Amino acid sequence: MQFKDSTALITGASEGIGRATALRLSAMGCHVIAAARSVPRLESLREEIAAGGNGSCEILPLDLMRPADALRILEELCQRTAVDVGIVNAGMGQYGPFAASPWEDVEPLLRLNIDGALLTVRALLPGMRKRRRGSIVMISSTLGKRAVPYNAAYCASKYALHGFSDALRLELRPENIHVGVVCPARTDTAFFNRMTYSVPQGESRRVPTSSPDRVADAVIRCIRRRRREVVVSPEGALFAFVGSHFPRLTDILLYHSVPRPTEE
Ligand SMILES: NC(=O)c1ccc[n+]([C@@H]2O[C@H](COP(=O)([O-])OP(=O)(O)OC[C@H]3O[C@@H](n4cnc5c(N)ncnc54)[C@H](OP(=O)(O)O)[C@@H]3O)[C@@H](O)[C@H]2O)c1
């Protein structure tokens, strides 16, 4: 995949990992279509890309929690523009024991992280299939490789992306469309300020943290090498490896090391 003169749609491009990926791709001469809700933040990304002088940026305001409107906006975009790369990134978190998490906290997460991802791909597919070309990258998490307590709905939403991607990869192989998943571990973004806390979180542990730029590099690598999966950091890869090869040991370690929140 040559990024120069290609077009990439990125959801959740106004901040964090999506923004960093938009800047990386535009620096390589890509035309970026940046989707999110916040128009001022999207405008500021567009200005930064214009000042960089390489790629270009078009903004696409949408709310993926309003599926009918979002699907219409994305389908219209994909009818008028040949999108080569789709980065399915918009997502949110939710913390708390599942039993103590009100459905009003869980449901928006499922709508954004699962429905929002699937409807984005749905809009991308007709054009990519017609041109027999394209790359779709989902931003999952190491928690989509091995779940941890008090993040059950979030983990479920990220596991869903892996199942979706595995099925889609095989469905789209005859049409030469790449489907990959990138799994960041903890990344230094506003994600943790924006997530829903259904119960107060106790003292959080210090865990290794990646920069959004590092995740953006992993996304580029995933597309270039048509990788099925990229786990961003060595710590994340170790966690995923131990979790899948030694599940009982991982259960014991997580049970004893993750602090139990007080349910109020
Ligand atoms: N940060 C981490 O530690 C970490 C670790 C592993 C995986 N991830 C995953 O990485 C992805 C990006 O996370 P991040 O850390 O960059 O988070 P972030 O800084 O909170 O960015 C989230 C992005 O999603 C957009 N968004 C939120 N709700 C939306 C909606 N209803 N419709 C459209 N866009 C919406 C936000 O823009 P607007 O508010 O403007 O809409 C923002 O651009 C997520 O899928 C997350 O699960 C993050």
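Biologist: Which residue in S7 stands opposite Met-138?

Modeller: In this predicted model, Met-138 stands opposite Val-181 in S7.

Biologist: What makes S6 and S7 a pair?

Modeller: Two strands pair if there are at least two bridges between them. Six bridges join S6 to S7, so the two strands are called paired. They run parallel. From S6 the chain crosses through helix H5, residues 152-172, to S7, in a right-handed β-α-β crossover.

Biologist: What makes S4 and S6 a pair?

Modeller: The cut-off is at least two bridges, and four bridges join S4 to S6; therefore these strands pair as well. S4 and S6 run parallel, and Val-88 stands opposite Met-138 in S6.

Biologist: Why do the side chains of S6 point two ways?

Modeller: In a regular strand the side chains alternate between the two faces of the sheet. Gly-134, Ile-136 and Met-138 point one way from S6, while Ser-135, Val-137 and Ile-139 point the other way.

Biologist: Why is S6 called mostly covered?

Modeller: A residue is buried if 20 or more other C-beta atoms lie within 10 Å of its own. Six of the six residues of S6 are buried.

Biologist: How do you know that the span of helix H7 agrees with its number of residues?

Modeller: H7 has 13 residues, 212-224, which at 1.5 Å a residue should span 18 Å. Its end C-alpha atoms are 18 Å apart, so the two values agree.

Biologist: What covers the buried residues of H7?

Modeller: The cover includes helix H1 and strands S4, S6, S7 and S9. Among the buried residues of H7 are Val-215, Val-219 and Ile-223.

Definitions and conventions: Residues numbered from 1 in each chain as written. Predicted model: local features only at pLDDT ≥ 70, side-chain atom pairs only at ≥ 80, totals over all residues. Expected span 1.5 Å × (residues − 1). Buried ≥ 20, exposed ≤ 12 C-beta atoms within 10 Å, placed from the backbone. Contact = placed C-beta atoms within 7 Å. Right-handed = clockwise from strand over helix to strand, strands pointing away.
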